[in-house]
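Here are a few exercises to work through with the model open beside you. Try each one before reading its solution.

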Amino acid sequence: MNNTQPSSVAFFILQGLGSLGEKRMVLFVIFLLAYTIILGGNSMIIYLVRTDPKLGSPMYFFLHHLSFVDMVYTTVTIPNMLSGFLTDLKTVSFPGCFLQMYCFIHMATTGRALLTVMAYDRYVAICNPLRYTTVMTRPVRLLLIVGAWTFGAFFTLPAITMATQRSYCGPNVVRHCWCDPSSLRVLVCGDTQVENMVSLSSAVISLLTTGLLILISYILIVMAIAKMGTTQRLKAFTTCVAHLTVVSISYTSASFVYISYRVGNISPEVRIIVSVLYSVLTPFLNPMIYSLRNKELRDAIKRE
């Protein structure tokens with residue numbers, strides 16, 4: 001079958017967690033509350049960084065970009081999921097489905113790239129403190145941000161482009177709360193081995209590349225901290241603990257998602273729940289972790 005022939009599917013039906021029945025309302029309340037906290041917490045960080053002169057360091061510059069990505073990342077999926085809890089039939093147009101898929105993957109990959117940039121920032125601050133201000137200039141910061149977004153686009157476009165070129169001949173029921181690539185790929189007419197390989201390779205390479213760079217940064221940081229006195233060591237560790245906590249949560253939850261899609265005997269409902277928790281967990285916890293672990297951010301909140 002020709003891979004580029006027009007699809008006979010004009011829209012997709014998102015099945016989501018409809019099998020849970022009345023429990024959907026409980027989930028609706030939980031995720032509505034979580035989404036509200038995500039928007040409120042990350043908006044607060046963006047506002048504080050942009051208005052408080054004491055939060056002008058590169059670390060907060062990168063943090064407020066991460067908060068923006070988290071807000072877009074969850075807005076792409078959660079409102080759609082919430083509306084699905086309230087209706088028996090949730091549909092999404094053919095172009096809208098792929099737009100949602102692109103934004104979701106792009107934001108997820110860009111978020112990990114920003115965490116890598118933040119790890120590099122901590123490396124420069126701790127290992128080369130005297131050169132920190134000369135290295136992390138505004139042009140360099142902007143270049144790192146552009147690099148993070150470009151990295152996200154680079155690892156997103158191939159799989160999405162291939163997916164849009166395929167024919168979807170039905171059924172048009174997506175067994176997920178949003179247009180998840182793996183759930184949509186099973187609806188393709190024909191063989192999808194190439195798409196599976198490209199999608200998996202992009203995901204694994206992006207995950208391993210950013211993870212390895214973060215790991216190298218922290219190995220160098222630990223080596224530098226080991227040479228410091230007790231007071232300096234504690235101060236250096238304090239500046240890293242929030243970022244390290246976020247990285248640990250993000251990569252652990254991402255690993256669970258990839259593993260759940262590769263294990264054959266896991267039910268679709270469990271896969272959906274794992275994927276939903278992954279998409280909500282990090283954006284939900286980020287503002288809390290940085291607010292609790294960062295004195296300057298707490299002081300900025302008190303000044304408001």
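Helices (H or I, at least four residues) and strands (E, at least two) are DSSP runs, numbered from the N terminus. This is a predicted model, where local features need pLDDT of at least 70, side-chain atom pairs count only at pLDDT 80 or more, and totals for chains, interfaces and linings use all residues. Residues are numbered from 1 along each chain as its sequence is written, and side-chain values use heavy atoms, with hydrogens and water left out.

**Exercise 1.** Find the helix that holds leucine 213, and say which nonpolar patch is on the surface.

Solution. Start with the helix: leucine 213 sits in α8, residues 193-226. Next, the accessibility: leucine 213 is partly exposed because its relative accessibility is 43% (buried means under 20% relative accessible area, exposed over 50%, partly exposed in between; 1.4 Å probe, protein chains only). Areas come from the Shrake-Rupley method with a 1.4 Å probe, and for residues only the protein chains shown count as cover.

**Exercise 2.** Work out the strand order of the open sheet.

Solution. The three strands run β2-β1-β3, with mixed pairing. β2 (90-93) and β3 (173-174) are at the edges with a single partner strand each, so one side of each has no neighbour in the sheet. Now zoom in: β1 (residues 11-14) pairs with β3 in the parallel sense over two bridges (strands pair if DSSP finds at least two bridges between them). Leucine 14 has valine 174 of β3 as its bridge partner.

**Exercise 3.** Which cysteines form a disulfide, and what parts does the pair tie together?

Solution. Searching the whole structure gives one disulfide (a pair of cysteine sulfur atoms within 2.5 Å). Cysteine 97 and cysteine 179 form it, with sulfur atoms 1.9 Å apart. Cysteine 97 is in helix α3 (residues 94-127) and cysteine 179 in the loop between β3 and α7 (181-185), so the pair ties together parts 82 residues apart in sequence. For handedness, the S-S torsion is about -125 degrees, so the disulfide is left-handed. Finally, check burial: cysteine 97 is buried at 0%, and cysteine 179 is buried at 1% relative accessibility.

How values were computed
Patch = residues over 30% accessible without salt bridge, like charges linked within 9 Å, V, L, I, M, F, W, Y side chains within 5 Å. Salt bridge = Lys/Arg side-chain N within 4 Å of Asp/Glu carboxyl O.
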